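Please look at the sequence and the structure shown here, and keep both in view while reading the report that follows.

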Amino acid sequence: MLMSGEIPRGSLCTSDEVSQLIEELQYTLGEGPCVDAYQQDRVVAEPDLADPVTRRWLAFTPPALQAGARAVFGFPLRVGTVRLGGLNLYRDRSGPLSGEQHADALVVADVAARWVLEAQAGASFGAVAEELDAGADFHYVVHNAAGMVSVQEGISVTEALIRLRAFAFSNDRLLADVAEDVVARRLRLG
């Protein structure tokens with residue numbers, strides 16, 4: 001998951017349906033292991049989502065469990081002091097990562113972060129590198145919807161995105177689905 005400021009921007013890739021849902025939940029809700037790993041600039045581990053020591057993701061946890069995730073781990077994507085997002089891992093059974101798995105995940109996060117920077121360095125100013133865009137989900141429809149809500153309501157794009165997220169959460173919908181309805185003019189907030 002790539003992030004900018006405090007806002008998730010989208011996923012470069014997911015490995016399966018559960019991973020995709022976990023990313024969508026974090027994007028919609030603004031909470032979860034990748035979000036925390038990015039914001040706190042440290043590894044975040046929850047080896048038992050069903051019985052965590054500290055309850056921290058009240059909206060994220062129930063649907064993640066329902067999808068089959070039993071443990072989740074977030075690793076910050078960074079190069080030096082540049083923070084880019086988070087690498088999300090999940091398990092279908094409770095339990096911590098082994099020392100070797102943890103070390104491997106740190107290496108993968110480092111390689112992924114460097115690849116993102118190298119790929120984007122070759123892109124034109126203001127454009128997303130073709131290598132990053134292929135297979136990624138940057139939620140362009142969400143950004144379009146936020147722009148539409150911003151104009152309709154006379155508010156900032158940031159406030160519009162917050163309202164879209166709040167609507168999605170309060171109606172138990174994914175942000176992308178709400179955004180598609182706004183862009184298709186089947187839904188108007190306000």
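The buried residues of helix α2 are P33, C34, V35, D36, A37 and Y38, where buried means under 20% relative accessible area, exposed means over 50% and partly exposed lies in between, with a 1.4 Å probe and protein chains only. Because 6 of the 8 residues of α2 are buried, this helix is largely enclosed by the rest of the structure. Helices (H or I, at least four residues) and strands (E, at least two) are DSSP runs, numbered from the N terminus.

This is a predicted model, in which local features need pLDDT of at least 70 and side-chain atom pairs count only at pLDDT 80 or more, while totals for chains, interfaces and linings use all residues. Residues are numbered from 1 along each chain as its sequence is written, and side-chain values use heavy atoms, with hydrogens and water left out.

Helix α2 is followed by D41, which sits in the loop between α2 (33–40) and β3 (44–46). D41 has a positive phi of about 55 degrees although it is not a glycine, and D172, which is not a glycine either, also has a positive phi of about 55 degrees. D172 is found in the loop between α7 and α8.

The table collects relative accessibility values for several residues discussed in this report.

| Residue | Relative accessibility | Class |
|---|---|---|
| D41 | 34% | partly exposed |
| D172 | 75% | exposed |
| S19 | 7% | buried |
| T28 | 3% | buried |
| W57 | 3% | buried |
| F60 | 0% | buried |

On the α7 side, L161, L164, R165, F167 and A168 meet L175, V178 and V182 of α8, contact meaning heavy atoms within 4.5 Å. By class, this contact of α7 with α8 has 7 nonpolar, no polar and 1 charged residues; Ala, Val, Leu, Ile, Met, Phe, Trp, Tyr, Cys and Pro count as nonpolar, Asp, Glu, Lys and Arg as charged, and the others, Gly among them, as polar.

**Helix α1**

T28 lies in helix α1 and, not counting residues up to four places away in sequence, touches R165, A168, R173, L174 and L175. The C-alpha atoms of T28 and L97, which are 69 residues apart along the chain, are separated by 26 Å. S19 is also found in helix α1 (residues 17–29), and, with residues up to four places away in sequence again left out, S19 touches T14 and Y90.

**An aromatic pair**

How are the rings of W57 and F60 placed relative to each other? Their centres lie 5.8 Å apart and their planes stand at 85 degrees, so the pair is edge-to-face. Rings of Phe, Tyr and Trp (its six-membered ring) pair if their centres lie within 6.5 Å, and planes under 30 degrees apart count as stacked, over 60 as edge-to-face and the rest as tilted. By this rule the count comes to 1 aromatic pair.
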